Amino acid sequence: MDKTAFVIPKGLRFEQTAQGIIIEHEGDIILQEALGSAIQKISSTKGDVHISVPLQITEILAPRGKIFTEHKLVASRLEAQIIHSKASLYVSEHVLTTAVLRVNGDIETPKLTANGSVTIGGSARIEQLAVEGDLTISQDLICEQLYCTDKVTINRNLKASNIESKGPHFECMGNVKT
């Protein structure tokens, strides 16, 4: 059996709250295994956050970095320059990305704000969707408000109450219901 060291770097902060553990660090945070306790928040002020296990959490923040998830993620809030999920995302409050959002599965959230491209491999159920870049949805999109400044591609059906597209191209392969 190989031994690995458990190293706690400078600047790493753990705090136990009634809702779970808060993990804060300036650099990268990599969660490869479940901790055996609820996690309330993961925050990296200058690095990336890598999650290799299914997780339910209040928030993940990496405002100057990336969030990578390999399994289903349930959260209240996500914020990063780049968010890439290999599985579905269920976010109860807000997803904010300043560059790119890529979700290989489905996404559900009341609010998604992206200052870059958004690619969803599954279906999307988003109340307020604002994208300052290209938007690509592989399945259905259901939303109240859709705002996009660039190319919009929806490969199945679109249901939206309010659509504002300022881009040169808007394509929906299925039905559009407003």
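This is a predicted model: local features need pLDDT of at least 70, side-chain atom pairs count only at pLDDT 80 or more; totals for chains, interfaces and linings use all residues.
Hi everyone, one term before we start: a residue is buried when its relative accessible area is under 20%, exposed when that area is over 50%, and partly exposed in between, using a 1.4 Å probe and protein chains only. By that rule E59, which we'll come back to, is buried, with a relative accessible area of 17%.

Residues are numbered from 1 along each chain as its sequence is written, and side-chain values use heavy atoms, with hydrogens and water left out.

Let's take the whole chain to begin with. Its secondary structure comes to zero helices and 17 strands. Both kinds of element are DSSP runs numbered from the N terminus, with helices being H or I over at least four residues and strands being E over at least two. The C-alpha atoms fill a box of roughly 55 × 35 × 25 Å along the principal axes.

As for the surface, 40% of the 178 residues count as buried. The accessible surface comes to about 9,500 Å², and 46% of that belongs to carbon and sulfur atoms. Those areas come from the Shrake-Rupley method with a 1.4 Å probe, and for residues only the protein chains shown count as cover.

Now contacts, meaning heavy atoms within 4.5 Å. Among contacts between residues at least 6 apart in sequence, what share joins residues at least 24 apart? The figure is 0%.

Next, how the strands pair. Two strands pair if DSSP finds at least two bridges between them. Strand β11, residues 124–131, pairs with strand β13, residues 141–148, in the parallel sense over seven bridges. In that pairing V131 stands opposite C148. On to strand β15, residues 158–165: β13 pairs with β15 in the parallel sense, over seven bridges. There, Y147 has E164 as its bridge partner.

A disulfide here is a pair of cysteine sulfur atoms within 2.5 Å, and a search of the whole structure finds zero of them. For C143, the nearest cysteine sulfur is that of C172, 11 Å away. For C148, the nearest is that of C143, 11 Å away. Both residues are buried: C143 has a relative accessible area of 5%, and C148 has 0%.

Side chains of opposite charge can pair when their charged atoms come close. We call it a salt bridge when a side-chain nitrogen of Lys or Arg is within 4 Å of a carboxyl oxygen of Asp or Glu. The whole structure has eight salt bridges.

Which residues does E59 bridge to? One partner is K41, with the closest N and O atoms 3.8 Å apart. That pair links distant parts of the chain, from E59 in strand β6 (residues 55–69) to K41 in strand β4 (residues 39–44), 18 residues apart. K41 counts as buried too, at 18% relative accessibility.

R77 is another partner, meeting E59 at 3.1 Å, N to O. Since E59 lies in strand β6 and R77 in strand β7 (residues 73–85), this pair ties together parts that are 18 residues apart in sequence. R77 counts as partly exposed, at 27% relative accessibility. R77 also forms a salt bridge with E79, where the closest N and O atoms are 2.6 Å apart. E79 is buried, with a relative accessible area of 18%. Taken together, R13, E15, E24, K41, E59, R77 and E79 are linked in a network of salt bridges.

Two more residues to look at on screen. H25 sits in strand β2, residues 20–25, and counts as buried at 12% relative accessibility. Leaving aside neighbours within four places in sequence, H25 is in contact with residues including P9, L12 and S43.

V74 lies in strand β7 and is partly exposed at 26% relative accessibility. With neighbours within four places left aside, V74 is in contact with L55, Q56, I57 and Y90. The C-alpha atoms of V74 and P54 are separated by 8.3 Å, and the two are 20 residues apart along the chain.
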